[in-house]
Amino acid sequence: MKSKKKIKRPKPIYFDSAATTRQKPPQVLKAVVDFAQNVGVSHGRGAYQSAIKANELVFATRLALSKLFHIQRMDRILFTKNVTEAINTAMKGFLKSGDHVVLSGLEHNAVIRPLNKLKADRGIDYTLITANSTGRLNPYDFEEAFKPNTKLVCLTHASNVIGNINPVEEVGALCAKKGIAFLVDTAQTAGVIPIDMKTMNIDFLAFTGHKGLMGPPGTGGLAVSAKWNLDSFIEGGTGSNSDKEEQPQQWPDKFESGTQNYWGLAGLRAGVEFLLKNSVLKIRRREESLMNQFLTGIEKLKGVKVYGLPPGFEKDRVAVVSLNVEGKDPSELAYELDEKYGIMVRAGLHCAPLAHRTIGTYPVGTVRFSFGYYNTEKEVDKALKALREITN
Ligand SMILES: Cc1ncc(COP(=O)(O)O)c(C=O)c1O
């Protein structure tokens, strides 16, 4: 009988942290297991000791998030299963027939798809603000698009395609001046760059737990400023006002029907506490340094086009780099990187076709490298070496 020869695969390298952070701080996994093994019950339902511990977990998670994002009112932090659900909760609870929305041309499908649904169902209207070819947005283009019926502005804090950090402070100030609500999608920035809900004038801060916040998938939320009210997104059991057949109106119960993801929240709490302890700036410095190493190395390669801001503007981008190699389809390049070098990157449109139209890569897309806190310089060197071999 022939002996089966094992094919030696290179050690895998993960450069897809913009999709989800694969490696989490050990405290996160420990917190999930601890909760599952030692508490394991719902909050807000029972009065026994474990139920009180579950209440404490939910409170502590809100508290950690309120510190991280400078959220004024803890009762206005609503847990959802991800940022997509948070954005849907905000838009569908807020927008009414005849409302107008302004959004950037760098938004994820998590923003444009619910808006298009609302356009079809409720007759809302929207204006897209296009960025220039390097992905820069001009805040005053937003102001020019305001109409008397503009009720909401949506802006992703950083593009998940090209990494540009968008002018959230400037747009927030313009919205506040006009009394227009401001929704920020922090999927690519929460836990990576500092966010202050108050000074940035954010009314709806939508976050996801499984990326920079280092938590498990299935966690996320929406923080809502005290200025605005929302209709509930789903209704059901909340453990409160159980004698009433109508949805309770107090926050956050109004928005948190059904049993919550406690295992996930235990991990999210540990992730956010890890960030508070280590400081977001430390994470940012690490990721920026890896991105700079990559961008500097890439500059020397022939036939590689990097999208987004030109060299010298690294401070204005998160560690997300989109590129294409001349003569190669993005999916072909991503396959080769994985197959030959064990390098995991994402190819295609990254759920953000609007952004690709802006940078001129629609419909084929790009290959996206995104760096996380746990990546190393050695791994970046390996990626550069692989790209050098491929482009040669
Ligand atoms: C900018 C942006 N918005 C929204 C999302 C959706 O995130 P989630 O799948 O966690 O809801 C992502 C992640 O893919 C993203 O990068």
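Author: Start with one term. A residue is buried if 20 or more other C-beta atoms lie within 10 Å of its own. The structure here is a predicted model. By that cut-off, buried residues make up 48% of the 392 residues in the protein.

Reader: Why is P330 called buried?

Author: Set its count against the cut-off. P330 has 22 C-beta neighbours inside 10 Å. The cut-off is 20 or more, so P330 counts as buried.

Reader: Where is P330, and which residues does P330 contact?

Author: P330 sits in helix α9, which covers residues 330–341. Beyond its neighbours within four places in sequence, P330 is in contact with N324, A347, G348, V364, G365, T366 and V367. There is also a distance to look at. P330 and L349 are 19 residues apart along the chain, and their C-alpha atoms are separated by 9.8 Å.

Reader: What makes L95 buried, given its place in a loop?

Author: The count decides. L95 lies in the loop between α3 (83–94) and β3 (100–104). Yet L95 has 22 C-beta neighbours inside 10 Å. With 20 as the cut-off, L95 therefore counts as buried. Leaving aside neighbours within four places in sequence, its contacts are V101, L118, R122, I124, K151 and L152.

Reader: How far apart are the C-alpha atoms of L95 and I298?

Author: They are separated by 44 Å. Along the chain, the two residues are 203 apart. For scale, the C-alpha atoms of the protein fill a box of roughly 70 × 60 × 40 Å along the principal axes.

Reader: How do you know whether the protein agrees with a compact globule or departs from it?

Author: With 392 residues, a compact globule would have one near 21 Å. The protein has 22 Å, which agrees. As for its parts, the protein has eleven helices and 13 strands.

Reader: What makes a set of residues a nonpolar core?

Author: The members must be buried, must be of a listed nonpolar type, and must be joined through C-beta atoms within 7 Å. The largest such core here has 115 residues. V153, L183 and A206 touch the most other members. Helix α7 (residues 262–278) gives the largest share, eight residues.

Reader: Which residues does A206 contact, beyond its neighbours within four places in sequence?

Author: They are V83, A86, I87, A90, L183, V184, D185, T186 and L222.

Reader: How do you know that domain 1 and domain 2 touch?

Author: Count the contacts. Two residues are in contact if their C-beta atoms lie within 7 Å. By that rule, 31 residues of domain 1 are in contact with 32 residues of domain 2. On the domain 1 side, α8 gives the most, with six residues. By class, that side has 16 nonpolar, nine polar and six charged residues. The C-alpha centres of the two domains lie 27 Å apart.

Reader: What is worth noting about phi of N201 and M214?

Author: Both values are positive, in residues other than glycine. Phi is near 55° for N201 and near 70° for M214. N201 lies in the loop between β6 (181–185) and β7 (204–208). M214 is in the loop between β7 and β8.

Reader: Are N201 and M214 buried or exposed?

Author: Use the same cut-off, 20 or more. N201 has 21 other C-beta atoms within 10 Å, so N201 is buried. M214 has 27 C-beta neighbours inside 10 Å, so M214 counts as buried too.

Methods. Residues are numbered from 1 along each chain as its sequence is written. This is a predicted model: local features need pLDDT of at least 70, side-chain atom pairs count only at pLDDT 80 or more; totals for chains, interfaces and linings use all residues. A residue is buried if 20 or more other C-beta atoms lie within 10 Å of its own, exposed if 12 or fewer, and partly exposed in between; C-beta atoms are placed from the backbone. Helices (H or I, at least four residues) and strands (E, at least two) are DSSP runs, numbered from the N terminus. The radius of gyration is taken over C-alpha atoms; the globule rule is 2.2 Å times the number of residues to the power 0.38. Domain bounds come from an automatic or database domain assignment. Ala, Val, Leu, Ile, Met, Phe, Trp, Tyr, Cys and Pro count as nonpolar, Asp, Glu, Lys and Arg as charged, and the others, Gly among them, as polar.
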